[in-house]
Amino acid sequence: MITEKVKSNREKVLIILILFIITIISIVASVCLGTMKFTVLQSLRAIFVNDDSSARLIIWNIRLPRVLAGGLVGICLSLAGCILQGVMRNNLASPSTIGVTGGATFVGYLTLVAFPHLSYLLPIGSILGAFLTTMIIYAIAYQRGVSPVKMILSGLAVSAVFGAFNDIIKIFFSDTLQNATGFLVGSMNGVSWKNLFVILPYALVGIAVVFFLPTKMNILMLGDEIANTLGLRTELFRLLLIIVSSLLAGAAISVAGLIGFVGLIVPHIARLLVGSDYKYLFPTSIFLGASVLIICDTIGRIIFSGTEISVSIVMSFIGAPFFLYLLRSKENRGV
């Protein structure tokens with residue numbers, strides 16, 4: 001059973017600071033490690049000194065944009081999961097478990113097929129797919145309030161349908177999609193500065209909006225009746241939350257494809273560390289999400305010499321047992 005240990009605000013701030021330091025360390029380690037290893041000083045020189053060295057070529061052009069984009073993807077997915085769990089009042093909700101990533105990927109595929117040379121449209125398509133999928137699942141699960149069981153089952157069904165459509169697209173349009181292998185398999189491989197700058201505006205807008213949400217999120221968690229009494233227009237606010245979570249999830253999926261479990265695992269660990277106050281839960285999820293994805297991506301790059309494992313596979317090995325544990329703990333509590 002997962003329980004929260006009550007901590008003082010000072011302890012929570014200290015935890016967030018420690019996670020920030022861990023994120024910086026994970027970024028530095030990921031930049032230094034790989035088939036060719038570099039020291040911290042060599043990496044810093046490669047970043048800040050523009051020369052023709054191999055270190056500059058590898059670190060500046062390949063590793064650094066990949067690491068920064070990976071951190072941003074982790075932040076977006078963890079925040080999207082955090083928001084969805086609040087909207088749907090279900091700690092098992094995340095972009096992957098309720099099928100949002102499947103819908104976002106489907107519309108992303110359609111965008112790539114219809115506009116193969118307009119890569120800047122991919123985030124828009126993914127965001128639109130995430131929003132429409134979330135609305136469909138929310139509408140199916142809503143019955144005088146959100147039913148947690150119906151939501152998970154609806155998400156599984158919707159995810160299966162979109163998964164079938166995604167497979168059909170990959171079969172019939174394999175030539176068109178051959179230049180988007182990272183997007184197809186859920187990988188950070190091949191991510192460049194161009195990919196990072198394409199999703200950066202959408203991600204920054206979503207993250208910026210999140211910082212205005214904690215107080216109202218805390219009120220929403222008190223229940224609709226109390227929230228309405230306190231002046232919160234709950235349904236309108238939920239719509240805003242769905243839009244923000246779709247923006248974040250869609251932006252992440254457009255650069256990294258289907259990466260599961262980040263939006264499920266990170267919010268749970270964050271709650272264990274700082275509790276359910278969104279004022280601390282959001283920043284904790286930001287640094288934890290970034291570091292988790294960067295570390296998993298680094299493991300996928302270095303675990304086998306000469307062969308790279310996509311970050312989605314590494315996350316699945318970690319996330320699937322964790323998801324089963326959560327299901328077991330909820331069953332034991334009679335949820």
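At what angle do helix 2 (residues 40-48) and helix 3 (residues 54-87) pack, and how far apart are their axes?

**Entry 1, ground rules.** I am working from a predicted model, in which local features need pLDDT of at least 70 and side-chain atom pairs count only at pLDDT 80 or more, while totals for chains, interfaces and linings use all residues. Residues are numbered from 1 along each chain as its sequence is written, and side-chain values use heavy atoms, with hydrogens and water left out.

I find that the two helices pack at an angle of about 80 degrees, with their axes 8 Å apart; axes are lines fitted to C-alpha atoms, for helices over the stretch in contact, and angles run from 0 to 180 degrees between N-to-C directions. That makes helix 2 roughly perpendicular to helix 3, a label for angles of 65 to 115 degrees. Looking up the contact (heavy atoms within 4.5 Å), I see Ser 43, Ala 46, Ile 47 and Phe 48 of helix 2 meeting Ala 55, Arg 56, Ile 59, Trp 60 and Leu 64 of helix 3. These contact residues divide into 7 nonpolar, 1 polar and 1 charged, where Ala, Val, Leu, Ile, Met, Phe, Trp, Tyr, Cys and Pro count as nonpolar, Asp, Glu, Lys and Arg as charged, and the others, Gly among them, as polar.

I note 14 helices and 0 strands in the protein chain, taken as DSSP runs numbered from the N terminus (helices H or I, at least four residues; strands E, at least two). The radius of gyration is 20 Å, close to the 20 Å that the globule rule gives for 335 residues, so the chain is as compact as a globular protein of that length; the radius is taken over C-alpha atoms, and the rule is 2.2 Å times the number of residues to the power 0.38.

The structure holds 1 cavity of 30 Å³ or more, and about 40 Å³ of space lies in the largest cavity, a volume being the space filled by probe spheres set on grid points joined across faces, edges and corners. Its lining includes Leu 77, Pro 95 and Phe 261, and by class has 5 nonpolar, 4 polar and no charged residues.

Conventions. Parallel < 35°, antiparallel > 145°, perpendicular 65-115°, else oblique. 1 Å grid on protein atoms, 1.4 Å probe; cavity = no way out; pocket = protein on both sides within 12 Å on 5 of 7 lines; lining within 4 Å.
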